[in-house]
Amino acid sequence: MPIDLYCERVGVGLWAEPVNALSNLAFLVAALWAWHEAGKQGQRRPLIAVLCLLAALIGIGSGLFHTFANGWSEYADVVPIWSFVGLYVLSAIALVGGAAPGRVVRIGVIAAVITVIVVLATSGEGEAHGHSHDPLNGSQQYAPALIALVGFAAITLWRGHAMRFWALGAALCFLVSLGFRTVDLHLCDAVPLGTHFLWHVLNALMVGFLLVGLIRNSPKPEENDSATQQ
């Protein structure tokens with residue numbers, strides 16, 4: 001039996017969640033938007049390329065999960081998400097915050113450990129036979145990401161950083177999308193389609209905001225080279 005966590009799934013077929021599956025195309029649009037912006041800004045460095053790739057993989061992995069709804073596709077769903085979160089945090093610290101490489105490495109190790117713990121603790125959270133009885137529907141796994149994003153937005157606003165409105169928009173998108181993810185099962189009677197697809201669409205917008213904000217407000221590669229030579 002498939003993992004059944006959402007209102008839309010009422011059967012066992014591959015296309016039992018067509019809207020939840022297809023709404024993940026929004027992540028591909030976000031990745032293309034960011035990559036196009038990177039080209040305009042002269043920011044197509046390897047780090048940005050990997051972030052854009054991970055953004056696309058979030059959509060692909062989630063699409064697989066909402067299609068196959070089994071154990072391996074669940075990992076295909078969560079691993080790109082947390083990989084993006086971890087790498088983005090490091091990228092923002094390095095490119096926007098100008099942190100020293102040693103500090104970035106230390107934070108990276110901590111982020112990697114937290115990511116592994118969260119993925120292992122939350123994988124297999126769905127029930128194979130029927131909907132989950134968790135009142136939050138597993139949304140608590142995203143609490144660290146929410147705290148980090150709200151903190152990031154607060155810091156950029158406090159410092160008046162040029163990225164502050166991108167970060168604020170991303171935080172608001174994530175907060176609202178998390179609400180839609182949480183209430184999905186509670187609204188099945190009133191809204192048979194559910195609200196989980198809005199989690200995908202708004203999260204894709206959040207990812208787009210984060211990537212484009214980072215791209216527009218990071219030093220150009222040639223600027224970094226000049227600073228190093230000085």
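Mentor: Begin with the angle classes: angles under 35 degrees count as roughly parallel, over 145 as roughly antiparallel, 65 to 115 as roughly perpendicular, and the rest as oblique. Axes are lines fitted to C-alpha atoms, for helices over the stretch in contact, with angles from 0 to 180 degrees between N-to-C directions. Helices (H or I, at least four residues) are DSSP runs, numbered from the N terminus. This is a predicted model, where local features need pLDDT of at least 70, side-chain atom pairs count only at pLDDT 80 or more, and totals for chains, interfaces and linings use all residues. Residues are numbered from 1 along each chain as its sequence is written, and side-chain values use heavy atoms, leaving out hydrogens and water.

Trainee: How do α3 and α8 cross?

Mentor: The axes of α3 (residues 46-68) and α8 come within 11 Å and cross at roughly 175°. The two helices are therefore roughly antiparallel.

Trainee: Which residues make the contact?

Mentor: Contact means heavy atoms within 4.5 Å. From α3 come I48, L51, C52, A55, S62 and H66, and from α8 H196, H200, V207, L211, L214 and I215.

Trainee: Is C52 buried or exposed?

Mentor: Buried means under 20% relative accessible area, exposed over 50%, partly exposed in between (1.4 Å probe, protein chains only). C52 is buried at 6%.

Trainee: How many disulfides does the structure hold?

Mentor: A disulfide is a pair of cysteine sulfur atoms within 2.5 Å. The structure holds 1: C7 and C188, with sulfur atoms 1.9 Å apart. The S-S torsion is about -95°, so this disulfide is left-handed.
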